[in-house]
Amino acid sequence: MEFINRYGAEIIKRAIEHLYLVSVAILIAIVVGIPLGILVTRKPKLKKPILGFANIMQTIPSLALFGLLIPVPVLGGIGDRTAIIALTLYSLLPIIRNTYTGIVGVDPAIREAGTGMGMTDMQLLWQVELPLALGVILAGVRVAAVIAIGLATIAAAIGAGGLGVLIFRGVATVNNQLLLAGAIPAAAIALAADFGLSLVEGRLSKSTLRNVNED
């Protein structure tokens, strides 16, 4: 009870900051990543450079990427803007890869049936491929969200707030209570996001299969 009274208000404040950073970053990653994944299915020559760039972003140590972005004009600086850009870059790979995998994995017979019905490439994409690939795409968003929630704790190092503030303070003062005040809510948010998105993913997959069987 004393722990809640002492840190409860700050935990809520930092959790809201944390959720803001992750939500904006994932939204941007979806807006950018899904079209890039679709582009790769239409332009196979772009697969290596696009996925290669996303892979490189994943290999850069998180703290290093946050630091490298600080001096970048317009995009960089101290605060949440730099943190959101870094989290977006880390989130791109699973979204792009799963979008590509989901669309490429659609049964060729279904594509041929759509083409035989006179569908254009865009109609085939929107009415056949994307609905069938939606479960796989959402799985990529799920992975990206969990990764971003964990990495967002580093955002405190560049003044962007979040639960990492409590963790860094705990490390600096060797205070285990502060460490737990930041680590436990971050883990809880990650688990909740994973569980919630897995439910949505499962329902979408069942709905898609049902629609295909009806057709």
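The 16 positive and 12 negative charges of the protein have mean positions that lie 7 Å apart. The structure is a predicted model. Its secondary structure amounts to eight helices and zero strands, so that the order of elements from the N terminus reads α-α-α-α-α-α-α-α.

**Overall dimensions and surface**
- Along the principal axes, the C-alpha atoms of the protein occupy a box of roughly 70 × 40 × 20 Å.
- The protein has an accessible surface of about 11,600 Å², and carbon and sulfur atoms account for 69% of that surface.
- Of the 215 residues in the protein, 41% are buried.
- When contacts between residues at least 6 apart in sequence are considered, 72% of them link residues at least 24 apart.

**Nonpolar core**
- The largest nonpolar core comprises 52 residues, and the residues with the most contacts inside it are L21, I26, F66, A83 and L87.
- At least two residues of this core come from each of α1 (2–42), α2 (47–59), α3 (62–69), α4 (80–104), α6 (121–151) and α8 (176–214).
- Helix α4 contributes the most to this core, namely 12 residues.
- Apart from its neighbours within four places in sequence, A83 is in contact with L21, F66, A155, I158 and A160.

**Surroundings of T41**
- T41 is located in helix α1.
- The side chains of T41 and R42 are joined by a polar contact of 3.1 Å.
- Neighbours within four places in sequence being set aside, T41 is in contact with Y100, I103 and V104.

Methods
Residues numbered from 1 in each chain as written. Predicted model: local features only at pLDDT ≥ 70, side-chain atom pairs only at ≥ 80, totals over all residues. Heavy atoms only, no water. Core = buried A, V, L, I, M, F, W, Y, C linked by side-chain atoms within 4.5 Å. Buried < 20%, exposed > 50% of the residue type's maximum accessible area, 1.4 Å probe, protein only. Helix = DSSP H or I, 4+ residues; strand = E, 2+ residues; numbered from the N terminus. Contact = heavy atoms within 4.5 Å. Polar contact = N/O pair within 3.5 Å; in protein donor to acceptor, adjacent residues only side chain to side chain. Areas by Shrake-Rupley, 256 points an atom, 1.4 Å probe, with all protein chains shown as cover. Lys, Arg positive; Asp, Glu negative; His and termini not counted. Charge placed at Lys NZ, Arg CZ, Asp CG, Glu CD.
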